[in-house]
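Good morning, colleagues. Please look at the structure with me.

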Amino acid sequence: MNNFGLDIARLGFPYHHSALSDPCPRVCEAKVAKLEQLKTIGRELAMGSQGGWGQTKEFLDLVKSIGEARSKAEEDRIVLREIDTLRRRLADPDVPRRRMKEYLIRLVYVEMLGHDASFGHIHAVKMTHDESLAVKRTGYLAVTLFLSDDHDLIILIVNTIQKDLRSDNYLVVSAALVAVCKLINEETIPAVLPQVVELLGHPKEAVRKKAVMALHRFYQRSPASVAHLVSNFKKKLCDPDPGVMGATLCPLFDLISADTNSYKDLIVSLISILKQVAERRLPKTYDYHQMPAPFIQIKLLKILALLGSGDKEASGHMYTVLGDIFRKAEHSTNIGNAILYECICCVSSIYPNPKSIEAAAAATSKFLKSESHNLKYMGIDALSRLIKINPDIAEEHQLAVIDCLEDPDDTLKRKTFELLYKMTKSTNVEVIVDRMIDYMISINDSHYKTEIASRCVELAEQYAPSNQWFIQTMNKVFEHAGDLVNIRVAHNLMRLIAEGFGGEDESADSQLRSSAVDSYLRILGEPKLPSVFLQVICWVLGEYGTADGRYSASYIIGKLCDVAEAHLSDDTVKAYAISSIMKICSFEIAAGRKLEILPECQSLIDELSASHSTDLQQRAYELQALLGLNSGAVEAVMPSDASCEDFEVDRSLSFLNSFVQQSIEKGAQPYIPENERSGIVDIGNFKGQYQQEASTHSLRFEAYELPKPSVIPPPTFEPSIPLSATTDLVPVPEPTAYTKDAHRASTKMPSSTDALSADVGVRLRLDGVQKKWGKPTYSSSPSASSSTSSASQNATNGLTHTDGGGGSVSLQTRETSHDSRRQQQAEVSAEKQRLAASLFGASSVAKAEKKPPTAAQKAPKAAAATKEKAATTTTTTVPSTPPPDLLDLGDPTSSDTPLDDPFKQLEGLLGSTAAASPGIINPPAAPASKAPDLMAIFTEAPTGVSHSSIDPGLSEIYSINKSSHIVATKKGPNSQDALQKDATARQVGVTPTGNNPNLFRDLLG
Amino acid sequence: MGIRFVVLVNKQGQTRLAQYYCDHMTVSERRALEAEIVRKCLARTDHQCSFVEHRNYKIVYRRYASLFFLVGVDNDENELAILEFIHLLVETLDRHFGNVCELDIMLHLEKAHFILEEMVMNGCIVETNKSSILAPIQLMDKAS
């Protein structure tokens, strides 16, 4: 960008590089003069507003301005202006048809760029009626892009579609069938179904194919609608046209996944098709990169995997053809590997066969050993499928798996975690979960964080070696992803702490609790803790904070006050905190110790007493009331460590019988049950509503029920009786159904109010009050954060990575770095093997770090070899950027390079006699970026743009080419095409010197 | 279902073509999704793998010059095959347009869509034979 002039000069003669170094300046001058002339003519031509492509100046201007927009804001402005224009234009009653097509495309642009174009939808619908095929199909396209299949306007199209399906122009029928696939919904299926079925027999294969897909769509929408037509799919499998047969595999795949057994009769035909495809019996035109119809092969393999699953006999037919495909496999191309991968999936799904598994394992190990991340990814996936059949296969690839686990590439890492998740056993759970948690901490993507957190919890719950470890693990999960995990997990944790091992060893339990208290007091120092975790902490501190006597009541209360104060907006946490304070207080009072109410505690009580939340208010008043009670009463209300005791409620209130009897004898009215009074509302009903209310805290819109005898059931109740004094006091810890029971139970409450806290069912209602889910914050570069973490996880290994990253281009340096690395390998692999041993090792002790790794000794040689190979490949592959960009290496540099005016390019072309190297549109690469381009060509030619191994030889070619400025030979059409393109470009007014030269970059160049 | 969407985006994150095969999404949902996935893909380096997980999708992407081809697929799709499908799409576009560039797709958006329509229906790859894909489009060109 900085040396604009120079670049133009250089790019001006793109295909005749020798011209640059032309020693004769006169030739150049002559050329320039001639080109000037041509340029003027060209410009004049371009002034004509309409081109041969039927596009108006307005459209070209739109494309130009969108193409050159530098920011989203600028693009938005352009689109908003365009919306205005289109509104005006479309309001005109007689828009010419040709124009209309263009307006539609402009509307498509508007929606594609994220703006609403609903004002134009009706015009799209109208366009589908047009007679011209191009206009009609554009209309259908716009409708499918704009409208969902349940949109009101669709009904207007059904008629058109019906008409078009009857057309004798097969292109019209095809266009209508494409629209059918997108627009026909469950209700409109019957309107077109008979016609579609008829079209299955259409003479044109293109129509038959689309009719099959339309039926497929109907099946997806509503399986019942085509249930009677399923046999058609089987028939179409034998269609003489391979395209139709290939398309039929799509609906068959869906049908077979839904019901495998009805299609077992197809196995033989499908196998024979696969065999024929693999033997290149299909027309050459189906080949893709020398591979016979690979997409059909893959689809067939997918179907066979379904059909052979758990079916020994069916699988028996498949082994031969699978073996053939494995044998013929092409490891050097992506598509070859894609087929291989599908074969592995198939083998791992069908009834196992040793030979096939062996071949699959061999292919998997090739994937894992490749330097391509894509292949490694596929390899990890394949491995996770194969270990289901034979877990030993993983053994061989331990180091490759660990490499992937430590790879800075997030995608690969995740895939590897998926593998680890599948191979977790009680022997390696600690290592795997630790790794998962470390990774979980490092990422920001809340979607994946949730997933991995729940996996950690699942594995920990399933395989935890000790409760201690379980609690520690859960603490970590809560600390870092507390807002994302299910609330149930928190309840499980509380229950575990409360119930302990459940064994007779009481001391172990209390030890566990003490350690939990210790860890929580420590964790409370952390600045930001998730709400769910704080709830757990408060609860545990309340129950067990003072249990072992190491912490004073005031210390724990102080801590709890801090928690409540620090989370002013979180009512649930405050509720847990105040209840816990209440427990501590009551334990103190019950034990007869003098309890000092800290000023901050008193202020908390005062504050909560005035809270907007009735729940908090109630808790505060309860605490206040409890503080005034004597120790005996408190002991009865809040027994110590009773959270696990079952809580029984005397619903019949039998203890009041004598009192009631007395009252009746004195002449009081007998009690009439509630439902007999109201006739409608029964207790259960009431309770349900109550629960709901408690959990949502929302307004209730239904009318109040009749007064409930909730506090003082007998109407004759006399307030002077001591009982009434206690009803005031009876703590109502939760605003739940329990409250009612508690009141009924009155003073003789059989168990503590706290018994409830352990009762998950009751708690749950409360927890619904404020469940906060973390804000989804997607990091723009998740890989960056994970890479740092992985680097820190494995310092020695990090050395290899950084080395590779800075690897120089030359092969000599590769040699030297290779040597130096060899020395480090010993340590690196020792570290890795320790990890490997703990992950894969069969040793019963999971902590393999402590003891000499057995696996490390088992295969040190292999490890060194793999490592060595990895080392070499890192250096060699660094200069050549991997696959997706093989086609486009020069981009980073040349995107900044302003490209030449197309006129000049045109001149370059015309001025030359050798028109063999055309491709005007493609900007010629500057010498600096040429070598990579060449590289691309070289890799493309033999491997078909392969993601797989780039052997070192290529790097050599690369370096040779770099020194000799060979111009990349251009593929593509002739110079006439290029001229045409150039003309279009000029019409648009977009020039490669404009704001976005990238618009001209040849995608395949 | 297989393919959920095919989106072409340039390096600046501007959408050049978008086709969805899953349930209908509103314009703003699409806009948000496209912005998110483009950000994810742009942040990746060349030697990372060409697959990215995003919510329930897996995105297989490939870059050609300034354009990213992003294909969202279900979780049990063969990623490598999708990667090659992208290449096949580009080859087909290239055969039709001749040295296809971003501008070709912008100027002939409907054609690019038609080509894609021939190749993918209901989220399935239905045609991979370039001549069969392009035949109807060329016939249509001739007719008009």
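In this predicted model, a network of salt bridges links E58(A), E82(A), R89(A), E102(A) and R106(A). Let us take one pair from that network, R106(A) and E58(A). These two residues form a salt bridge in which the closest N and O atoms are 2.9 Å apart. The pair joins distant parts of the chain: R106(A) belongs to helix α6 of chain A, residues 97-112, while E58(A) belongs to helix α4 of chain A, residues 57-68, and 48 residues separate them.

Is R106(A) buried or exposed? Its relative accessible area is 1%, and R106(A) is therefore buried, the cut-off being under 20%. E58(A), by contrast, is partly exposed, at 28%.

As a general point, side chains of opposite charge can pair when their charged atoms come close.

The next is formed by D239(A) and R208(A), with the closest N and O atoms 2.7 Å apart. Here too, distant parts of the chain are linked: D239(A) sits in the loop between α13 (230-236) and α14 (242-258) of chain A, and R208(A) sits in helix α12 of chain A, residues 205-221, 31 residues apart. D239(A) is buried, with a relative accessible area of 10%, and R208(A) also counts as buried, at 10% relative accessibility.

Now to a pair within one helix. R327(A) forms a salt bridge with D324(A), and their closest N and O atoms are 2.5 Å apart. Both residues lie in helix α17 of chain A, residues 312-328, at a spacing of three residues, or about one turn of the helix. R327(A) counts as exposed, with 63% relative accessibility.

Let me turn to chain B. Why is strand β1 of chain B, residues 3-10, largely enclosed by the rest of the structure? Seven of its eight residues are buried, so the strand is largely enclosed.

Which strands pair with β1(B)? One of them is β5 of chain B, residues 67-73, which pairs with β1(B) in the antiparallel sense over seven bridges. In this pairing, I3(B) stands opposite V73(B). Another is β2 of chain B, residues 15-20, which runs antiparallel to β1(B) and is joined to it by five bridges. There, F5(B) has Y20(B) as its bridge partner. β1(B) and β2(B) form a hairpin with four residues between them, and in the turn G13(B) has a positive phi of about 85°.

Thank you for your attention.

Technical notes
Residues are numbered from 1 along each chain as its sequence is written. Chains are lettered from A and ligands numbered from 1 in the order in which they are written. This is a predicted model: local features need pLDDT of at least 70, side-chain atom pairs count only at pLDDT 80 or more; totals for chains, interfaces and linings use all residues. Side-chain values use heavy atoms; hydrogens and water are left out. A salt bridge is a side-chain nitrogen of Lys or Arg within 4 Å of a carboxyl oxygen of Asp or Glu. Helices (H or I, at least four residues) and strands (E, at least two) are DSSP runs, numbered from the N terminus. Buried means under 20% relative accessible area, exposed over 50%, partly exposed in between (1.4 Å probe, protein chains only). Two strands pair if DSSP finds at least two bridges between them.
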